[in-house]
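Please find below a note on the model under review, arranged as numbered points. The sequence and the coordinates are shown first, and the comments follow.

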Protein chains: 2
Amino acid sequence: MVALIKSVAAMKTFSDALRKKGRTIGLVPTMGYLHEGHLSLVKEAKKRNDAVIVSIFVNPAQFGPKEDLKKYPRDLKKDMKLLSKLNISAVFFPSVSEIYPEGFSTYIEVEGLSDKLCGASRPGHFRGVATVVAKLLNIVKPDTAYFGEKDFQQLVILKRMVRDLNMDVKIIPMPIIREIDGLAMSSRNSYLNREERQKAPALNKALEFAKMLASEGVKDAKTIKSAIAKLINTEKGIRIDYVSICDLETLEEKNTVNGNTLIAIAAYIGKTRLIDNTVIK
Amino acid sequence: MVALIKSVAAMKTFSDALRKKGRTIGLVPTMGYLHEGHLSLVKEAKKRNDAVIVSIFVNPAQFGPKEDLKKYPRDLKKDMKLLSKLNISAVFFPSVSEIYPEGFSTYIEVEGLSDKLCGASRPGHFRGVATVVAKLLNIVKPDTAYFGEKDFQQLVILKRMVRDLNMDVKIIPMPIIREIDGLAMSSRNSYLNREERQKAPALNKALEFAKMLASEGVKDAKTIKSAIAKLINTEKGIRIDYVSICDLETLEEKNTVNGNTLIAIAAYIGKTRLIDNTVIK
């Protein structure tokens, strides 16, 4: 059995008690509807810590007014079942009013990094992410917190926030987990119908192709971007939101693929917005 | 002797060591050039804690481009002398690059509260205050932190920030300390020439007059505001920035003085901007 904790006060008490016993704590913040990607974070957290806490909170502050907050998939029962097998200490499952009480008005903005890539298409998204993650870190006070590289920009922003605000936690990035056909695991994959699902690996295929081009000596970012776009556009029903070739830390666009490079894609398949990326060291 | 700590890493180590020994820590964040107001905070912190840390940092992020960052008064030697008498544990005196390293880009905004009163005249000021105080709280991790009621809006904003971000610290407000003639103590009083200094108690006198009016049953905010303005304007060389009669927690302007009311003034005496306030419970 995994403890299910719903109040901030109880979560703080629980976590403080663990810390007083000298236990190290790993936090895995999620929005639930867990897949193998999330579970890989939990497993790594287990390896590195005495206690692991998984938070499940679909964070309204990181959804735009026209985005999928309402229909975002939720299945606490299934999530608890999956987590109960992994021997974690607790699931933190707060309500929206527990996290954003009456009069809530404090937000954290990581400037510069937050308006690029996904931030350009989703204004306010990373402000919501940074704010809720800061809150979770302050409530749980873990030694380490785990995030997947699928949301690469989120990782870069959270690392910067933790450094800038002198927060006492280490952010641990974990590699993307993929389906057999290469599609990056995501709770939003559940939105795809059968036809869309068949098209979805195109993102990963385009990234693999870009990687191959780079390893063959094609270093011009423009050339690689247009190759990616061409490849994705052969699939009807996929609409590219952006293709970015940028620096791993600053997320500034690069003209040349010369190491420390992120290639990131966001695209709509039908109404579903998916993201994927690869790193060229 | 008081330990003088200049690096964030050393401050963290020092503070962590105290905490591991089970000592409670009180933090008094200041911009230095200490006066009796600051010292009253330190004395209260001493009463309530095993260890007291005073930070001295003139925070560039809370000064506007045309404000007095450069000429803000500084006297570390005198400050250390004053503090050495109070038996505190350490002074944290970081450089600007220690607090805002290369690439710093994370800011905390307490919306709504930050654009009123002083925030209207000093855009970005409270963003700078909230950000640096969050950093200091994360570095020192005190049990309590002490702030004077002279900067009443700052107090309201910091309390909200601590609540909203679930920070593990209690903000302790302390009453305004005044000169014999009623002038609220402030490091910026040192800017005043003799003539200006003689006029400066007008702010406090106007507040006392307003309080008297309210206690006599005059509850209309407009009437009280114009009485304050009239009184201050009899002194030539004082220019009112704002007179506010507002709610103690939301800082929303009120039409009626009916308890939980803050009366706050900002005014220029020559080129020096001074603030003062009083609370009507």
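1. Helix H6 (residues 125-140) of chain B lies across strands E2, E3, E4 and E6 (144-148) of that chain, and its direction makes about 150° with that of E2(B). Helices (H or I, at least four residues) and strands (E, at least two) are DSSP runs, numbered from the N terminus. Axes are lines fitted to C-alpha atoms, for helices over the stretch in contact, and angles run from 0 to 180 degrees between N-to-C directions; contact means heavy atoms within 4.5 Å.

2. The model is predicted: local features need pLDDT of at least 70 and side-chain atom pairs count only at pLDDT 80 or more, whereas totals for chains, interfaces and linings use all residues. Residues are numbered from 1 along each chain as its sequence is written, chains are lettered from A and ligands numbered from 1 in the order in which they are written, and side-chain values use heavy atoms, with hydrogens and water left out.

3. In chain B, six strands form an open sheet with parallel pairing, in the order E1-E4-E3-E2-E6-E7; two strands pair if DSSP finds at least two bridges between them. Strands E1 (3-5) and E7 (170-174) of chain B each have a single partner strand, so one side of each edge strand is left without a neighbour in the sheet. On average, neighbouring strands of this sheet are turned by 25° against each other, direction ignored.

4. E1(B) runs parallel to strand E4 (residues 90-92) of chain B, with 3 bridges joining them. B:Ala3 has B:Ala90 as its bridge partner in E4(B). Helix H1 (residues 8-20) of chain B also packs on the sheet, where it touches E1, E2 (25-30), E3 (51-56) and E4 of chain B, at about 165° to the direction of E3(B).

5. Chain A is superposed on chain B by a rotation of 180° with 0.0 Å of shift along the axis (RMSD 0.0 Å), which is the relation of a two-fold axis. In chain A, the C-alpha of A:Ile108 is the nearest to the axis, at 2.3 Å. Both copies use the same surface, since 100% of the contact residues of chain A recur in chain B.

6. A:Cys246 is buried at 0%.

Technical notes:
Least-squares fit on C-alpha atoms with pLDDT ≥ 70 in both. Buried < 20%, exposed > 50% of the residue type's maximum accessible area, 1.4 Å probe, protein only.
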